[in-house]
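Welcome! Have the picture open as you read.

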Amino acid sequence: MTMGSGDRRPSLFSPYQMGRFRLSHRVVLAPMTRCRALNGVPREAHVEYYVQRATEGGYLITEGTLICPGAGGFPHCPGIYTQEQIDAWKKVVDAVHAKGSIIFCQLWHVGRASNEVYQPGGGAPISSTDKPVSGRWRILMPDGSYGKYAKPRRLSEEEIPQIVELYRQAAINAIKAGFDGIEIHGAHGYLIDQFLKDGINDRSDSYGGSLPNRTRFLFEITRSVSLAIGPDRVGVRVSPAIDHLEAHESDPQLLGLAVIQRLNSLQRELNQRLAYLHVTQPRYTAYGQTESGPLGSADEESRLMREWRAGYDGTFICSGGYNRELGMEAVADGDADLVSYGRLFISNPDLVQRFKAEAGLNKYVRATFYTQDPVKGYTDYPFMGQVRSRM
């Protein structure tokens, strides 16, 4: 879709005011696990990776960043809970800021989507439930093989405030590192989503059963973090209609609206908007784009996204399987304010420029998504006009 000279609707290249942040365009780097942080500490390669994708007035979201030692379920993911990690991230943030970009840190806890090998002392991972992810799903192990997800330990009501506090402290640490804000990862079958989805959450206490109860954990985290660093520095990501890692929901429409009502009420309480709500398009899958998502039809998926977008009082980001044309349509039609891109941004560090020029795109190499190589499949994708090396 090409915007005509007489079309005054916004495009991916229109400026946008995201709360306190003035963006020059609406193409967002989506958070993506890349497994390059040896021993949980970002390296010089991280500086290059994010700087490559930074543009003047652009907006970047980091890969999922662990809030505590037991939060992980992939090898070599970065954390934000030690001074060494904070100092390492500061190098990334300072370099991105020098390019004129805004960058948020995505805070992550995988919950039951883990294995004993990733847990301190080899213990059980925590969750809303004691039901494990079934054997049809496999977890990437530190040696590159695939194993089973562990049986989780159900959090008690008394323990949940401790987890909320971990998110709050991680947000404070992110601000200390110089990040402009944080995104709470409440999507894709990880810890917060394990409380949200009725296909996982089998609790009978005040964090289970009804929608107000199932959204309580996300609400408490968002409120605590907002009070700590300011609501306009806090984004929230959810995926009500996605069943990744068996995060099934019997009524995605109502779950999405319940989350939105919670966030809207928090904004009224604090008398200030959050930075944004980031929702993954239902057609997203772990292995690429499908013709239709779990809901069965593209029209139904679009209807849900539009209903959620209309219900949320603030900036709305969409993600999941978008290309240039779909992103232009989403912004022009008012279905989203911003569009985040994952796989296309992996293989095209200059994605914004390529979109503007309507240029061809590099193809991504899936086999190098989760390797530990600091260059191959990470910082060696060519810019426009460069010759591509052998991947």
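## Starting with two strands

How many bridges join β5 to β10? Four bridges join these strands, and β5 and β10 run parallel. Within this pairing, C105 stands opposite I182 of β10. Please keep in mind that this is a predicted model.

On the next pairing, five bridges join β10 (residues 181-186) to β11, and this pair also runs parallel. I182 has V234 as its bridge partner in β11, while E183 is partnered there by G235. In general, strands of a sheet pair through backbone hydrogen bonds, in either a parallel or an antiparallel way.

Is β10 mostly covered or mostly open? Strand β10 is mostly covered, as six of its six residues are buried. G181, E183 and H185 point one way, whereas I182, I184 and G186 point the other way, and all of them are buried. As a general rule, side chains in a regular strand alternate between the two faces of the sheet.

## Helices lying on the sheet

## Helix α1 beside helix α2

Helix α1 (residues 44-52) also has a helix partner, α2 (residues 83-98). The two pack at an angle of about 25°, with their axes 9 Å apart. Because of that angle, α1 is roughly parallel to α2. Their crossing is right-handed.

Which residues meet here? From α1 come E44, H46, V47, Y50 and V51, and they meet W89, K91, V92, A95 and V96 of α2. By type, the residues of this contact divide into seven nonpolar, one polar and two charged.

## Helix α6 and its two partners

The crossing of α3 and α6 is right-handed. On the α3 side, the contact is made by I160, I163, V164, Y167, R168, A171, I172 and I175, and on the α6 side by F217, E220, I221, S224, V225, A228 and I229. These residues divide into twelve nonpolar, one polar and two charged.

The crossing of α6 and α7 is right-handed. R216, L218, F219, T222, R223, S226 and L227 of α6 make this contact with V259, R262, L263, S265, L266, E269 and L270 of α7. Here the residues divide into seven nonpolar, three polar and four charged.

## A loop between β11 and α7

Between β11 (234-238) and α7 (252-270) there is a loop, and H244 lies in it. Is H244 buried or exposed? With a relative accessible area of 12%, H244 is buried. H244 and G111 are 133 residues apart along the chain, and their C-alpha atoms are separated by 14 Å.

E246 has its place in the loop between β11 and α7 too. E246 counts as buried because its relative accessibility is 12%, under the 20% cut-off. The phi of E246 is near 65°, a positive value in a residue other than glycine. For context, most residues other than glycine have a negative phi.

## A last stop after α11

What is the phi of E358 near? The phi of E358 is near 50°, again a positive value in a residue other than glycine. E358 lies in the segment after α11 (351-357). With a relative accessible area of 49%, E358 is partly exposed, whereas E246 is buried.

Conventions
Residues are numbered from 1 along each chain as its sequence is written. This is a predicted model: local features need pLDDT of at least 70, side-chain atom pairs count only at pLDDT 80 or more; totals for chains, interfaces and linings use all residues. Side-chain values use heavy atoms; hydrogens and water are left out. Axes are lines fitted to C-alpha atoms, for helices over the stretch in contact, and angles run from 0 to 180 degrees between N-to-C directions. Angles under 35 degrees count as roughly parallel, over 145 as roughly antiparallel, 65 to 115 as roughly perpendicular and the rest as oblique. A crossing is left-handed if the near helix is turned anticlockwise from the far one by less than a right angle, and right-handed if clockwise. Contact means heavy atoms within 4.5 Å. Ala, Val, Leu, Ile, Met, Phe, Trp, Tyr, Cys and Pro count as nonpolar, Asp, Glu, Lys and Arg as charged, and the others, Gly among them, as polar. Buried means under 20% relative accessible area, exposed over 50%, partly exposed in between (1.4 Å probe, protein chains only). Two strands pair if DSSP finds at least two bridges between them.
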